[in-house]
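Subject: Structure handover

Hello,

Here is the structure I promised to pass on. Please open it next to this email; my notes follow below.

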Amino acid sequence: MKILSKIFILLALCTFVLTACKKTQEIIMPGDTVGTTMVGVTGLSAVPTTEENELQISWTNPNDEALSKVSVSYTPTSGGVNVTANPVLLNATKGAAQKVSVIVPKTVQYNISVVAINKAGVRSVAATTQATPYSPTAPPVADLTPVFLKRADTLMTSLVSLYLNGKERDIWTSNYPFKDGFWNGAATMWGHGGAFSGYAAFKEAAEAYPTYKNKIAGSYDNRLLTGIDKFRNTKGGKPEAFAVYPGTGDERYFDDNIWVGLDMVDLYMLTKNEGYLTRAKLVWTFVAYGTDNVMGGGVYWKEFGESKNTCSSAPAAVLAAKLYMATNDATYLQSAKALYAWTKTNLQDPADYLYWDNIHPSVSGNFNSPLVIEKSKFEYNAGQPMQAAALLYKITGETQYLTDAQNVAKAAYARWFAPFNSYTMGESFRIMQPGHVWFQAILFRGFIELYKIDGDKTYVRAYQKTMTNAWLSNARNRTTNLINSDLRGGTTQTDFDILFQGACLEMLSRLALLEHQGLK
C-alpha cells in the first residue's frame, strides 16, 4: 500500500511539472533587420579630371544600417567601345560621401551607374548620370602639339626635379627616392647617359614646337652638356673618354661611350653645332683605340677587358654609319661595314637571327685559348644590329642589309612582345614583356630605323600602344609621373632608377617625333 501511495504521489508531481512547463503561447523570435528593399545613393556626379581618360565619380550613400557595398559601372552612350573589368565594387559606409576615380578606355560620353547593395544582396534602383573624360588626343584645333611630346615634357620636368635639382655637382643622381652612396649617390655614366639620351630625343622631338624647343634650349642644353662633360678623363694617358664616374682615375667602358657618341652625332645633325660633332669624334677616337684584330676584330666591352660584345661592336657600327652621314668621310663607312660584318659573323645566332652577348677567351689573359660565346640574348643586342643594317641599306642600297634588319625585327618582335588585353585602353595588342626598360628603348631605335625604310608600322605601333598603356595605367605614379619597369601596369614599385626613367623619356620622345611625322 505504501508503494502504491508513493507511485500515485510521483505521478501527480510529474503531471504538475509538465503542466507548468507547457507553452501557453508561441515564443516571438527577433525579426530580420535587413530589409528586402534598398534605398539608392543620392547626389551622383561624374566629372573629368585633368588626367587623360579619367572620370571622378562621387555620391552620398543611403543612411541605412544594412548598407554593405556600392557597385559603379560605366558604358559608352553610343556603343562600339569594349569596356572590360566592369563594374567596380566598393565597400560602403551608411550616410557617407564617397568617390572613386576610374580610367575609361576612350574619349566618348559614358553612362555612369551607381547601385547600393545591402547585406542580403538586395540592390537599389540605379542612380545614373553621364560624363565625357578629358583627353589631349582631341585638343582644340589650334593646339597641334603631339600628345607624346606633352607626356615627354611632363616626365622630363619630373626627372629634373627629382634626380637633378639641388644635387651634388649638378649631375643626375641614380635613384628616387634619393640614396646617398658612392659619389654622393651620383648615377654612373650608364645611367647618366640614359638620361642624356632621353633629353636628346626630347630635344629632337620638340624642334617644330617653339614653346618646347625654347624651354629645352633655355633650361637644359648647357646644363646637361656641362654635366656630362664632368665625366671626361684621360686615365693613364690614353685617349680621352667618358668615365664611369666623374673622377680622373675612374674606369671607362667602350659601350658607355658609344651611347654618348650616338647622342652627340644626332644632336649635331639636328643643330649643326660643331661642339656636338667634336664630342662624337672624341668618342670615335676612343672606340678606335678599343678595336683590334684579336678574335678577328670587334670592339672590347671595357678598357683593358677581354670580351668583345654585341653591345659595343654593333653600336660602334651605328656610330660609324652616322658619322659618315654627318661628314661624308668614307673611312667611317668602311668601319661601319667592317664592324657590322664582324658582329654578324661572330655573334649572330643563325637559328633565329638574334644576337648573343659576347665572345671571349676560355682562359683569362690567353687570347690563344679556345674562344667561348656567352649566349644570353637581350633586346638591345637585337636593336643595334638591326639599326646598323638599316642604316647601311640606306647608305649603300644593298638589299642584304635590309633583309638582315627585317629578319632581326621579326625575331625580336616574336621573342619580346606578348598578347595583352589592356583594361585601361579597352583593346588587345602585343605589348613589351616585362624586362629591362633601357634595353627595350635601344631596341626601339632599330625598329624606327627600319620603319623609315619599309613603312611597316607593326613594331612602332606596338611601342606606341605599350607606352600609351604605361602612361594611362597605374604603371605611372600619378604623384611623381615616374613609370614602373612593368609597362603593363598592375604592379607596385617604390624605387625608380634614372636609367629606366631616361629610357621611358626616350621612348615617349621618339613616339612624339613619329606622331609629328604622321604615325597615327
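How many bridges join strand β14 to strand β15, and do the two run parallel or antiparallel? There are six bridges, and the strands run antiparallel. Before going further: this is a predicted model.

The hairpin

Strand β14 covers residues 417–422, and β15 covers residues 427–432. Together they form a hairpin, with four residues between the strands. Look at G426 in the turn: its phi is positive, about 70°. For a reference point across the pair, take P419, which stands opposite R430 in β15.

The three-stranded sheet

Next, find the open sheet with the order β1-β2-β5. It has three strands, and their pairing is antiparallel. β1 (42–48) and β5 (97–103) are the edge strands, each pairing on one side only. On average, neighbouring strands here are turned by 15° against each other, direction ignored. Strand β2 spans residues 54–60 and pairs with β5 over seven bridges, in the antiparallel sense.

The cores

Now the packing. The largest nonpolar core holds 129 residues. Which of them touch the most other members? They are W172, Y199 and F447. Helix α14 (residues 498–516) gives the most to this core, with 12 residues. Another core lies apart from it, with 23 residues, among them M38, V88, L90 and A131.

W172 is worth a look on its own. Leaving aside neighbours within four places in sequence, its contacts include L159, V160, Y163 and L164. A186, A187, H192 and A195 are also in contact with W172. L224 and I498 complete the list.

A serine in α14

S509 also has its place in helix α14. Is S509 buried or exposed? S509 is buried, because its relative accessible area is 0% and buried means under 20%. Which residues does it touch, not counting those up to four places away in sequence? S509 touches A152, G198, A201, F202 and A205.

That is the list. I would start with the hairpin, then go to the sheet, and finish with the cores.

Best wishes

Terms used:
Residues numbered from 1 in each chain as written. Predicted model: local features only at pLDDT ≥ 70, side-chain atom pairs only at ≥ 80, totals over all residues. Heavy atoms only, no water. Pairing = 2+ DSSP bridges. Axes fitted to C-alpha atoms, helices over the stretch in contact; angles between N-to-C directions. Core = buried A, V, L, I, M, F, W, Y, C linked by side-chain atoms within 4.5 Å. Buried < 20%, exposed > 50% of the residue type's maximum accessible area, 1.4 Å probe, protein only. Contact = heavy atoms within 4.5 Å.
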